[in-house]
Amino acid sequence: MTAAGLIGTDLPLAEAYDLALVDLDGVAYRGPLPIDHAADGLTSARERGLRLVYVTNNASREPGSVADQLTTLGIPTQPDEVMTAAQAAAKVLETRLAPGAKVLVIGGAGLRTAVTTSGFAIVGSADDEPDAVVQGFAPELGWADLAEAAYAVGRGAWYVASNLDLSLPTARGYAPGNGSLVGAVVNATGVTPDSAGKPSPRMYELAVERAGAERVLVVGDRLDTDLAGARAGGYPGLHVLTGVNTARDDVLAEPHLRPHLIGEDLRALLVAHPEPRLESGWWVSRGAAARVTDGRLELDETQLSTDADAVDIVRAACAAAWDSVDSGAGPVDPRSVPEFAVGDH
């Protein structure tokens, strides 16, 4: 690993790792629509021996439903290859509640199934005196559901959220996510929930335990959940530029949000990744070069080699910007960081 935090691989990622923990929304699909090259990238990676587990902060759906959607999109998947935030939330409940404890579920079918499978009794009202409230995203949730959660939490029920994502990528754009709905309950009660989903590494740990893997790669599109969870759990993280966060976000990322690897889309699993290196004051990735001078990012693309691509410019820029911060030279002026011509944005 460089001082700036990026790593390199001589082998394609699908051969360097034995398990990939792959996010869904913004990585494999966007709402009901496939993301370009996702099916080809994942299918080819699996053919090279990489096992896949899909780890999603979405708690509204059953693993079988998620697996069916992926299969329909050309990504053959079994239900036991899906780990949802609903399953993780149920595991969190198990840490404090005995079997048979009463839980008010604010969420969809996936969350209800996970809570039931863990042996808890689902109740429908704060008046049932639940021991806990667990909240996950579901598109049908309304004011009455959030109010019921607030009543129960206000009376002392333990509050658990499946995840705290503020936004959710859909085919039409970005919509409010579970974190935005949780915010309504927090505002009403002043109580901050325990969260089971990313950026907590708990889901990653559960998936790794299930698979028995040793060389684990996290793949995601969000820095504040997927990649922060990778950093928190000690797993290398690949940021694919097909969802929420952009290449520019990578360059400006705080240390705990930084990816270890960057790719335009899931075809990044099929290639080796160069490690940026410092040469004569410039951070270089296959001929793309960047440095920080007086707090401003400078790019030099004049020496690009024939196998270089737009992501190499991003890698060099990240290495230069991160090194400037980590060495104590200071942060980069955001106005000097361009919107890079790479990624699905």
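Predicted model: local features only at pLDDT ≥ 70, side-chain atom pairs only at ≥ 80, totals over all residues.
**Exercise 1.** Determine how helix H6 and helix H7 are oriented towards each other, and which residues make up their contact.

*Solution.* Begin with the geometry: helix H6 (residues 143–154) and helix H7 (residues 178–189) pack at an angle of about 40°, and their axes are 9 Å apart. Angles under 35 degrees count as roughly parallel and those from 65 to 115 as roughly perpendicular, and H6 and H7 are therefore oblique to each other. As for handedness, the crossing in which H6 passes H7 is right-handed. Next, list the residues on either side: H6 contributes Leu146, Ala149, Ala150, Val153 and Gly154, which meet Leu181, Ala184, Val185, Ala188 and Thr189 of H7.

**Exercise 2.** Describe the salt bridge between Glu94 and Lys91, stating where the two residues lie and whether they are buried, partly exposed or exposed.

*Solution.* The side chains of Glu94 and Lys91 meet at 3.9 Å, N to O, which falls within the 4 Å cut-off for a salt bridge. Both residues belong to helix H4 (residues 85–94), where a spacing of 3 residues places Glu94 and Lys91 about one turn of the helix apart.

**Exercise 3.** Work out which parts of the chain the salt bridge between Asp226 and Lys198 links, and whether its residues are buried or exposed.

*Solution.* The side chains of Asp226 and Lys198 form a salt bridge of 2.8 Å, N to O. This pair links distant parts of the chain, since Asp226 sits in helix H9 (residues 223–233) while Lys198 lies in the loop between strand S12 (194–195) and helix H8 (202–211), 28 residues apart. Turning to accessibility, both Asp226 and Lys198 are buried.

**Exercise 4.** Classify Arg335 and Asp333, which meet in a salt bridge, by their accessibility.

*Solution.* The side chains of Arg335 and Asp333 meet in a salt bridge at 2.9 Å, N to O. Arg335 has a relative accessible area of 73%, so it is exposed, whereas Asp333 has one of 17% and is therefore buried.

**Exercise 5.** State how many salt bridges the structure holds, and which partners Arg286 is linked with in a network.

*Solution.* The structure holds 18 salt bridges. In the network, salt bridges link Arg286 with Asp309, Asp312 and Arg315.

Notes. Residues numbered from 1 in each chain as written. Heavy atoms only, no water. Axes fitted to C-alpha atoms, helices over the stretch in contact; angles between N-to-C directions. Helix = DSSP H or I, 4+ residues; strand = E, 2+ residues; numbered from the N terminus. Parallel < 35°, antiparallel > 145°, perpendicular 65-115°, else oblique. Left-handed = near helix turned anticlockwise from the far one by under 90°. Contact = heavy atoms within 4.5 Å. Buried < 20%, exposed > 50% of the residue type's maximum accessible area, 1.4 Å probe, protein only.
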